[in-house]
Amino acid sequence: MFRLVRTTAQKLRHLRVVLYYYILTKSKCDPTRHTGPQHTWRLKSTSARERALQYQPGQTIHGFTVKEVVSVPDLFLTAIKLTHDRTGAQYLHAARDDSNNLFSVQLRTTPRDSTGVPHILEHTVLCGSERFPCRDPFFKMLNRSLSTFMNAFTASDYTMYPFSTQNSKDFQNLLSIYLDAVFFPCLREQDFRQEGWRLENEDPQDPSSPLVFKGVVFNEMKGAFSDNESVYGQQLQNKLFPDHTYSVVSGGEPLNIPDLTWEELRHFHATHYHPSNARFFTYGDLPLEQHLEQIQKDALSRFDRTEPDTHVPPQPTWTSPREDHVSCGPDAMAPDPAKQNTVCVSYLLGDITDTFEAFTLNLLCSLMISGPNAPFYRSLLEPKIGSDFSSVVGYDGSTRDASFSIGLQGTAEEDMERVKRIISQTIEEIVATGFEEERIEALLHKIEIQMKHQSTSFGLSLASYMASCWNHDGDPVELLQIGEFVSKFRRCYQDNPRFLQDKVKHYFQDNPHRLTLSMSPDEAYREKQALAEEEKLRRKTQALSDSDRKEIYDKGLDLLATQSKVQDASCLPALQVSDIERTSPTTPVETGTAGGVAVQYCEQPTNGMLYFRAMCSLNTLPEELKLYVPLFCSVVTQLGCGSLDYRQQAQQMELKTGGMSVCPMVVPDSTNLDMYEQGVLLFSSCLERNVPDMFGLWRDIFNSPHFDDEERLRVLVMMSAQELANGISSSGHMYAMTRAGRCLTPAGGVQETFGGMEQVKFMKRIAEMSDLSPVLRSLPRIKKHILNPDNMRCAVNATPHKMSAAAGQLESFMKEVAGNRRSHQTTRPNIVEVGTTRPNIVERPVDSDVSRKLVSEVGFQPCQMKTFYAMPFPVNFVGESIRTVPFTHADYASLCILARMMTAKYLHGEIREKGGAYGGGARMGGGLFSFYSYRDPNSVQTLSAFRRGVDWARSGSFTQQDIDEAKLSVFSAVDAPVAPSDKGMGRFLNGVTDEVRQGHRERLFAVSEKDLVDVASRYLGFGQQTSGAAILGPENESIKKDPSWIIK
């Protein structure tokens, strides 16, 4: 997987120091560095953290020497830093009472051209190794393990291979696979041709068909750079850092990828994939010594120290600013077609290995851009000269020297100079006036909140957080001292009230190393790209002799034969189905009422946090308002409420909560495909001390939201429309599957309305409206139906000793919002209601106090529909869905296992290996069996591959081992760790109790070969059930000529 250095996600990640923590227990002691005798760590202790404190600097363990042992109480872990004596490999272990153990190894990979050698190597090393020479052991292990995460990433200057699992045997199995893959890969030429690039006949079995470029990475990067945001982000980095590795595309520029040779790939591995160039990280509650012994035995004992030439020097600073311009393709989904320009100023900052300076700059950059009170939000977004911040925005610490970027996208060409002036003026104003104290406190409160929040993937977050700094020889243990950074920051700010203003002056106002990069659409851009690829192909093929062409044809046949051959995976380790727990843990909940509203209470070790949810039914909402619901959800917490304008509201939310959100929900019923729940979900979290303030904010949103500021609404509409348009190229397969399921179930139609292409196009129309007053008038109408206690149920997750107080606060909140009750309908359990806008409403009890109001469309008639969306992409996203059965049906488990088995044993080979798509497979959910492909050079051919996959399943061409592997893969998702904040949500949101879930678990265990063949024949056979299909991709003449397709 190629990690583009800068993406839209950075808009949501202004603080790199902010992590999401998974804290299960809090030790009663305050451990410090231990000074006792060596090896006492073997004695039984109360926690992994305490055991780790018994290691001593200078202690040698399996070829490693302990360099440092540090308690990090803020993160509830003990860090042990080691060095491998023979190779110099660096190692960090974070001992923590977390059963979701993680391993990662990262190599500093610094390419000097844009052939994508580190990215293609990342793919190729996972295609077989010395001890595990079968093809694709990585993908095969996805089905032989209970891993909670398995992947690999190529960044601009490092490649990382992480995995995590809760099973100790599984950890050892995966560790052996990863070590052998990274350090002893086969690197077969055939794997290079499959994963990287190759010349091959369009039809590998027809030597007269034209030669074309193929390859997984080749198509992946074509897809990646079909996204204008990705083009801009990559160009910005290349031009801001023009003197070393950041001036090239580590993932591969599509037109440069065909210049890479197999020999160059092997040489890059030999020079970069060495322990002397490696950083190992382990995390969790498994013993460190066990990891060290296996790593030494399986890999490091076979190497001696080298001096790898992979150092990245600091970027030489400029003496004067620079400007540049790039082109992109026009965006048909842009909120305003006449405004598709981007302009951004990027500043070179300091060395990321100066950890406190990096922390300070990160915090400073967040103050400059985050939220409606930020200076750049006020000066750039509120004048409405652009649709949103530029796709690259904020602090970026992923490179040797950090950078900060600020600008706008969706601007008119005539406004670009104005944007530059505003940026300069805003920096001058910040230097002169600084920041409000309350905003600084709000940001520090955000850090406190997120240090307390417990995520299920803390180890992975930690590995990603440390990767860039550690990659350039920064101290990873120092990075963990977030509490110390906060304390030091407070001291610096107290000692010098102009502390932050001085930083702004130094790094921004007086900084000559800044790049202004503009981007504008070129109507001929994609045609030029296609012509350039054709010219590249022509140059590659014009000198080919007949024997060369014959060799290409023969190699194509050989690859096809290899891809089609059943692989012997017996060399790979595997867990057994018997290793899976037969029962899943239960989650005790209590139910009650608050102000007449049903409430679910779930006591959890939330580390001083409280999590509140409310599900508000949409059953009384008039149909003509449905399309507006996602917009209502996105703006209702951002327009102001009560006595607070929107700026003050945002400030209070940051000071008193961990965030407040509202989102639309469509939940298919677990027992009937023609029933579903529709609503919006309110969610917020806060520290226990701030519960009254959090409910006070919700009270004002319920009682007196501000729906009168058209200018504020326009800013939010433009940002929302731009975000939706930008997201299509990275989530096209999800849009395709959503569209494919639109006419198959009642829930599918609502899902398309709320989250499909229908919503994207609706928001584009709203953004193009010159007068938003009709939209403003719709918001209070929606509010009357949604923010109504009569249509609500609530859930609270908190610590046991605070639950009673929380219940009291919730009771008070419900009394304060009681005036919003509206008698739109009367409901009786399990009785079809009449006299409502949706006459078929059924109330289904979950338990004695909590019930869900479901829409029942008994007479629903599914119908077939095939939709094609012409998009400005060079690759396709294909989806096909088939109506099957609900969650509690006896066949649902078999269809889940079948989807996973078809993905691993058939579709992966057909769609990715043979077809060249970046990904593809099948999935079961919401009563729909869905097929998909991602960044796929094929379109209708992939639909044919889906059909062949069904034929394969119906023929029973699989083994008991295949079934067992599919079960392991399904259970790895079923048994994925659940954070304390999310416990009990299956019951609350879906009505799926622990007993229902256990029944599903038992049916999964019981699935047999006969069951799989049976469900494939009865549900998936052509014409057996109603299906839908959708494709998002480039213009397609064959589809245009087919009258069965709806062209959008």
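At what angle do the axes of helix 23 and helix 25 cross? Before I reply, a word on sources: this is a predicted model, in which local features need pLDDT of at least 70, side-chain atom pairs count only at pLDDT 80 or more, and totals for chains, interfaces and linings use all residues. Residues are numbered from 1 along each chain as its sequence is written, and side-chain values use heavy atoms, with hydrogens and water left out.

The axes of helix 23 (residues 710-740) and helix 25 (residues 757-768) cross at roughly 155° and come within 9 Å. Axes here are lines fitted to C-alpha atoms, for helices over the stretch in contact, with angles running from 0 to 180 degrees between N-to-C directions. Helices (H or I, at least four residues) and strands (E, at least two) are DSSP runs, numbered from the N terminus. On the helix 23 side, the contact (heavy atoms within 4.5 Å) includes R714, V717 and M718, and on the helix 25 side it includes M757, Q759 and V760. Its residues divide into eleven nonpolar, two polar and one charged. By class, Ala, Val, Leu, Ile, Met, Phe, Trp, Tyr, Cys and Pro are nonpolar, Asp, Glu, Lys and Arg are charged, and the others, Gly among them, are polar.

Helix 13 (residues 437-452) and helix 16 (residues 482-495) pack at about 170°, with axes 11 Å apart. Helix 13 and helix 16 are therefore also roughly antiparallel to each other. Among the residues that meet are E437 and I440 in helix 13, and I482 and G483 in helix 16. This contact of helix 13 with helix 16 has eight nonpolar, one polar and three charged residues.

By contrast, helix 28 (residues 892-914) and helix 33 (residues 1009-1020) pack at about 95°, their axes 9 Å apart. That makes helix 28 roughly perpendicular (65 to 115 degrees) to helix 33. The contact of helix 28 with helix 33 holds ten nonpolar residues, one polar and one charged.

I turn now to the cavities. On a 1 Å grid over the protein atoms alone, a cavity is a set of points where a 1.4 Å probe fits but cannot get out, and lining residues have an atom within 4 Å of a point. Of its 26 lining residues, the closest to the centre are N228, E229, D331, Q722 and N726. Helix 23 gives the most to this lining, with five residues.

Definitions and conventions
1 Å grid on protein atoms, 1.4 Å probe; cavity = no way out; pocket = protein on both sides within 12 Å on 5 of 7 lines; lining within 4 Å. Parallel < 35°, antiparallel > 145°, perpendicular 65-115°, else oblique.
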